Amino acid sequence: MIDIPLFPLPAVLFPDETLPLQIFEPRYLRMVKDSLKTGQGLVLVQSMPDQEPKVPTMPFYSVGCYGEIVDWNPLPNDLLGIELKGQRKVKIYDFRREHDNLYIGQCEYLPDEAAPSIAEKHQLLVQLLKDLQKHPMVETLGLDINYSNAREVSYRLASLLPFTIEEKQLLLEMDDALLRLDAIESMIRELGGQ
């Protein structure tokens, strides 16, 4: 187990995804400052929806993504802009609040997933990802994707497609890339795709 600062947001970060964020709360400014100083990253974890019927033991999900700050810059609105790059999934077992309400999680890195080759049945998803990369907004991300790697393809589709954050959380928590691709196919059908 390792203590890592937690950044609960209504968002999901996937391994190898870069997410731009704006930081303004003092506790998170301290978290970023400490991260830049020590080189230790942080865990972006999806916060629990407010409408949860039961009070959760943690105000966020138990699986998040450890990320490292790869760039930062002051913004004209007096906020701090950072780019957080997802590295690997973590399981959060417990947490504490520090004096400024920054959450520190007791975390364990989850094993790296296998990276199987793309199955023939998932070739339409590969084509969908290639088509998505041609979109002007996605082009600006400069994604370098190994289209034969099911893990990479599944994570990129999970991050780019307009799934709900609950669906994205479900995809993050899956530990099999081929099953994640199957789930993505089902979610696309529910969205009205083919």
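Q: Let's start inside. Which residues have the most contacts inside the largest nonpolar core?
A: Keep in mind that this is a predicted model. Val 153, Leu 157, Leu 171 and Ile 184 have the most contacts inside that core, which has 25 residues.

Q: What makes a set of residues a nonpolar core?
A: The members have to be buried residues of the nonpolar kind, joined through side-chain atoms within 4.5 Å. In soluble globular proteins, nonpolar side chains tend to be buried together.

Q: What does Ile 184 touch?
A: Leaving out residues up to four places away in sequence, Ile 184 touches Leu 125, Ser 154, Leu 157, Ala 158, Leu 161, Phe 163 and Leu 171.

Q: What does the second, separate core include?
A: Among its 18 residues are Leu 13, Tyr 28, Met 31 and Leu 84.

Q: Why are helix 5 and helix 6 called roughly antiparallel?
A: Helix 5 (residues 165–173) and helix 6 (residues 177–191) pack at an angle of about 165°. Angles over 145 degrees count as roughly antiparallel, and therefore helix 5 and helix 6 get that label. Their axes are 10 Å apart, and the crossing is right-handed.

Q: Which residues meet where helix 5 packs on helix 6, and how do they divide by class?
A: From helix 5 come Glu 167, Leu 170, Leu 171 and Leu 172, and from helix 6 come Arg 180, Ala 183, Ile 184, Met 187 and Glu 190. That makes 6 nonpolar, no polar and 3 charged residues.

Q: What angle and axis distance describe helix 4 and helix 6?
A: Helix 4 and helix 6 pack at about 35°, with axes 8 Å apart. The crossing of helix 4 and helix 6 is left-handed.

Q: Which residues make the contact of helix 4 with helix 6?
A: Ala 150, Arg 151, Val 153, Ser 154, Tyr 155, Leu 157 and Ala 158 in helix 4 meet Ala 177, Leu 178, Arg 180, Leu 181 and Ile 184 in helix 6. By class, there are 9 nonpolar, 1 polar and 2 charged residues in this contact.

Q: Why is Ser 154 called buried?
A: Buried means under 20% relative accessible area. Ser 154 has 0% relative accessibility, so Ser 154 counts as buried. Ser 154 is found in helix 4 and, setting aside residues up to four places away in sequence, touches Ala 177, Arg 180, Leu 181 and Ile 184.

Q: And what about Arg 180: buried or exposed?
A: The relative accessible area of Arg 180 is 0%, so Arg 180 is buried. Arg 180 sits in helix 6. Not counting residues up to four places away in sequence, Arg 180 touches Lys 89, Glu 113, Ser 154, Tyr 155, Leu 171, Leu 172, Met 174 and Asp 175.

Q: What makes Asn 73 partly exposed?
A: Asn 73 has a relative accessible area of 37%, so Asn 73 is partly exposed. Asn 73 belongs to strand 4 (residues 63–74). Leaving aside neighbours within four places in sequence, Asn 73 is in contact with Leu 79, Leu 80 and Gly 81.

Q: What is the phi of Asp 16, and what is the phi of Asn 101?
A: Most residues other than glycine have a negative phi. Asp 16 has a positive phi of about 70° although it is not a glycine, and Asn 101 has a positive phi of about 75° although it is not a glycine.

Q: Where are Asp 16 and Asn 101?
A: Asp 16 is in the loop between strand 1 (2–9) and strand 2 (18–23). Asn 101 is in the loop between strand 5 (80–97) and strand 6 (103–109). Asp 16 is partly exposed, at 45% relative accessible area, and Asn 101 is partly exposed, at 36%.

Notes
Residues are numbered from 1 along each chain as its sequence is written. This is a predicted model: local features need pLDDT of at least 70, side-chain atom pairs count only at pLDDT 80 or more; totals for chains, interfaces and linings use all residues. Side-chain values use heavy atoms; hydrogens and water are left out. Axes are lines fitted to C-alpha atoms, for helices over the stretch in contact, and angles run from 0 to 180 degrees between N-to-C directions. Helices (H or I, at least four residues) and strands (E, at least two) are DSSP runs, numbered from the N terminus. Angles under 35 degrees count as roughly parallel, over 145 as roughly antiparallel, 65 to 115 as roughly perpendicular and the rest as oblique. A crossing is left-handed if the near helix is turned anticlockwise from the far one by less than a right angle, and right-handed if clockwise. Contact means heavy atoms within 4.5 Å. Ala, Val, Leu, Ile, Met, Phe, Trp, Tyr, Cys and Pro count as nonpolar, Asp, Glu, Lys and Arg as charged, and the others, Gly among them, as polar. Buried means under 20% relative accessible area, exposed over 50%, partly exposed in between (1.4 Å probe, protein chains only).
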